[in-house]
Amino acid sequence: MIDTPKAGRSGPLLAILAAILPITITGTPITVQPGMVQGMVDYMGMDDVRAGFVASAEMTGLMLATVLFAFVSHRVNWRKAYGRGLVIVALANVGSVLLAAGTLFTALRAIAGAGAGIVAAIGFATLGETENAPRNYGWAVATIIGYSGLALWALPALFALGGYHAFLIAYAVLSAACLPLVPHLTRRTESETAGLDETPAGKWALSPVGALAVGSMLVFFTGYAAAWTYMALIGRDLGLDEGQVAHALSLSQFAGVAGALAIVIQSGKVHDLIQSCVILAAGAAAIFGFTLQQDYGVFLALNCVFQFCWNAGQPLLLGIVASRDDDGRMLRFTIPMQYIGLAAGPAFAAYQLGSHSDYRAVMIGAGVVAAIAPIAIAPLILSRKPRAQTTGA
């Protein structure tokens, strides 16, 4: 566990911002990925296949770093690692500008992803040990969505200003600008970790209930990422034109912000079992809904429910695990499951699609996987009471 900073040195709000802002900026390879791929094609002369491989390398670095953190978190100084992660991201972006060629560029993007993964893992872990973890996770997701919207809106101007290099420099500057927040990150204390994880089994073993809880995040993200992969093509397959599809997907992002803020507003007011059943089941139902014939209005409504439940479900699941995790073990394995699910979802969707481009099969498979999440998290909710929370941040 980590200690709450004393108000005189670094108040709780500043400590929370020290987690939220860096994970928002270093989430760029995920939230701004479509624009990044487009930029590599249009401004670096890459073909779309190579640009996809570069984006995949960056995501792979991010994912592997979060997985590694799950196994070594008890051995590292979180604050120092957090700062080094930000430095790695900044330097790898600068290096990508100076050495933007061939395999070396791809390697630098993987290194940037690894730095981002270190920041993401530690940032999410520290939020999990704050006094009101579900609410703070909601704020984090809302901030991430808001940033992604602003970043995607600003990309064309950045590209016009200086091509892809302008984007890389902006990413480096924003990452470096987060460094002054590092000293305010909540600290991991030796007294609280002494005696924990003394054996290999103690470090990594999870109870069946804990393993199910960790798995709930994996199936949740796999199902939603699978559905999201072909969402634009599904709209086209339903007979909607490109403008209608783009409009629906754009408007639904506001529902995503509302979903994250809903967790902020009602945190601690509604029982976790009720929340998880309603939000996670509604999201799975929305995914199944895309298998039906529909017009623009229904497609828009389903996307709004989909985004609301996706962005409410993430902080909800993280908060449920964090509030019932006495030693941080479940949470440190739950965090990388988000990124593993994001990576597995498109592959699962492609497998379901098959050679006949059966989008209905994709949504059925994605809906089934997503529907497992409320079932997997229920045993943890029923078997353990959440830690007592204060009304503060």
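1. Start with the lining of the largest pocket: 30 nonpolar residues, 17 polar and no charged. Here Ala, Val, Leu, Ile, Met, Phe, Trp, Tyr, Cys and Pro count as nonpolar, Asp, Glu, Lys and Arg as charged, and the others, Gly among them, as polar. This is a predicted model, where local features need pLDDT of at least 70 and side-chain atom pairs pLDDT 80 or more, while totals for chains, interfaces and linings use all residues. Residues are numbered from 1 along each chain as its sequence is written, and side-chain values use heavy atoms, with hydrogens and water left out.

2. The largest pocket holds about 1800 Å³ of space. Closest to its centre, among 47 lining residues, are Ile30, Thr31, Gln33, Pro34 and Trp228. (A pocket is an open set of points on a 1 Å grid over the protein atoms alone, where a 1.4 Å probe fits, with protein on both sides within 12 Å along at least five of seven lines; lining residues have an atom within 4 Å of a point.) Its volume is the space filled by probe spheres set on the points.

3. Now for the rings: the whole structure has 18 aromatic pairs. (Rings of Phe, Tyr and Trp, the last by its six-membered ring, pair if their centres lie within 6.5 Å; planes under 30 degrees apart are stacked, over 60 edge-to-face, the rest tilted.) Phe167 and Tyr171 make a tilted pair, 6.1 Å centre to centre with 35° between the planes. Both sit in helix α7 (residues 133-177), four residues apart, about one turn of the helix. (A helix is a DSSP run of H or I, at least four residues, numbered from the N terminus.) Phe167 is buried at 5% relative accessibility, and so is Tyr171 at 2%. (Buried means under 20% relative accessible area, exposed over 50%, partly exposed in between, with a 1.4 Å probe and protein chains only.)

4. Take Trp228 and Phe306 next: their ring centres are 6.2 Å apart and their planes at 15°, so this pair is stacked. It links distant parts of the chain, since Trp228 is in helix α10 (residues 208-229) and Phe306 in helix α14 (residues 296-323), 78 residues apart. Trp228 is partly exposed at 30%, whereas Phe306 is buried at 0%.

5. A word on confidence: mean pLDDT (the predictor's confidence in each residue, from 0 to 100) is 85, and 90% of residues reach 70 or more. Helix α8 (residues 190-193) is lowest, at a mean of 39, and helix α5 (residues 78-98) highest, at 95.

Notes
Helix = DSSP H or I, 4+ residues; strand = E, 2+ residues; numbered from the N terminus.
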